[in-house]
Amino acid sequence: DPCSNRIFIGSNKGLFYSDGESNDLMAFPDQSKDKHLHNLSIRSICLDRKNRLWLGTNFGLLCYSFIDSTYKHIYTEINNKESFTDNNVQDVYEDREGNLWVATWGSGIRKYNEIKNTFEDYLNDSAQFKTPIANISLQIAETNIKGEEDLLWIASDNPGFSCFHKTTKKFERYFTLWQDTRYLMLGHSRCLYYDPKDGLWI
């Protein structure tokens with residue numbers, strides 16, 4: 001298993017790993033022609049159930065295969081509506097059903113159909129918040145709490161915290177209370193962590 005006893009680290013100079021025993025970080029070997037694993041800024045790493053690495057980068061999405069050391073590069077092409085609206089990927093997440101979701105800088109969240117090599121886009125209503133940054137999504141998470149099986153939790157710039165209902169394909173925003181009103185949104189949130197004991201941390 002190429003992933004056993006390894007810690008993968010994304011950086012602005014590509015992909016590195018640690019074997020957990022030495023103090024050295026090693027550049028991940030890339031036998032491809034373009035050397036994207038060494039040249040792109042990697043924002044997110046997702047190991048899927050097929051033992052592949054999905055990498056969210058500043059220039060699209062990479063799917064790396066350990067079998068033959070090759071990758072598939074998915075990025076915006078001119079006049080190609082099936083590619084990313086925004087190549088700046090912030091997070092890659094595989095949900096409990098095996099669906100791959102991508103959080104982008106300005107294009108909301110996107111569900112990837114690997115068979116068709118297409119995306120389905122889901123956007124927050126920017127007009128509701130009167131801000132162009134309503135679709136800067138930074139991280140996606142799930143919980144194991146009963147009744148939340150249909151929800152994806154989203155950390156983003158504005159609104160800072162929301163959930164996406166996969167069945168209805170609608171967003172629900174969460175607010176903080178300030179001076180007994182509900183007009184103040186949570187603000188900028190960057191990371192989510194689910195603790196089975198205490199719930200979701202923001």
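At 51% relative accessibility, Leu-25 counts as exposed, because the cut-off for exposed is over 50%. This value, like the others here, comes from a predicted model. Leu-25 sits in the loop that links β2 (14-18) and β3 (26-27). Together with Ile-7 and Ile-9, Leu-25 makes a nonpolar surface patch of about 260 Å².

Now let's turn to another loop, the one between β12 (137-141) and β13 (151-156), where Thr-143 lies. Glu-142 is found in the loop between β12 and β13 as well. Are these residues buried or exposed? Thr-143 has a relative accessible area of 2% and is buried. Glu-142, at 9% relative accessibility, counts as buried too, because buried means under 20%.

Which side chains make polar contacts with these two residues? Here they are:

| Side chain | Partner side chain | Distance |
|---|---|---|
| Thr-143 | Glu-148 | 2.5 Å |
| Glu-142 | Tyr-93 | 2.8 Å |
| Glu-142 | Arg-96 | 3.1 Å |

Beyond its neighbours within four places in sequence, Thr-143 is in contact with Arg-96, Glu-148, Trp-153, Tyr-194 and Leu-200. Glu-142, with residues up to four places away in sequence again left out, touches a list of residues including Glu-94, Asp-95, Leu-151, Leu-152 and Lys-166. Arg-96, Trp-153 and Tyr-194 are in contact with Thr-143 and are also touched by Glu-142.

One more pair is worth a look in the structure: Thr-143 and Gly-199 are 56 residues apart in sequence, yet their C-alpha atoms are 7.6 Å apart in space.

Key
Residues numbered from 1 in each chain as written. Predicted model: local features only at pLDDT ≥ 70, side-chain atom pairs only at ≥ 80, totals over all residues. Heavy atoms only, no water. Patch = residues over 30% accessible without salt bridge, like charges linked within 9 Å, V, L, I, M, F, W, Y side chains within 5 Å. Areas by Shrake-Rupley, 256 points an atom, 1.4 Å probe, with all protein chains shown as cover. Salt bridge = Lys/Arg side-chain N within 4 Å of Asp/Glu carboxyl O. Helix = DSSP H or I, 4+ residues; strand = E, 2+ residues; numbered from the N terminus. Buried < 20%, exposed > 50% of the residue type's maximum accessible area, 1.4 Å probe, protein only. Contact = heavy atoms within 4.5 Å. Polar contact = N/O pair within 3.5 Å; in protein donor to acceptor, adjacent residues only side chain to side chain.
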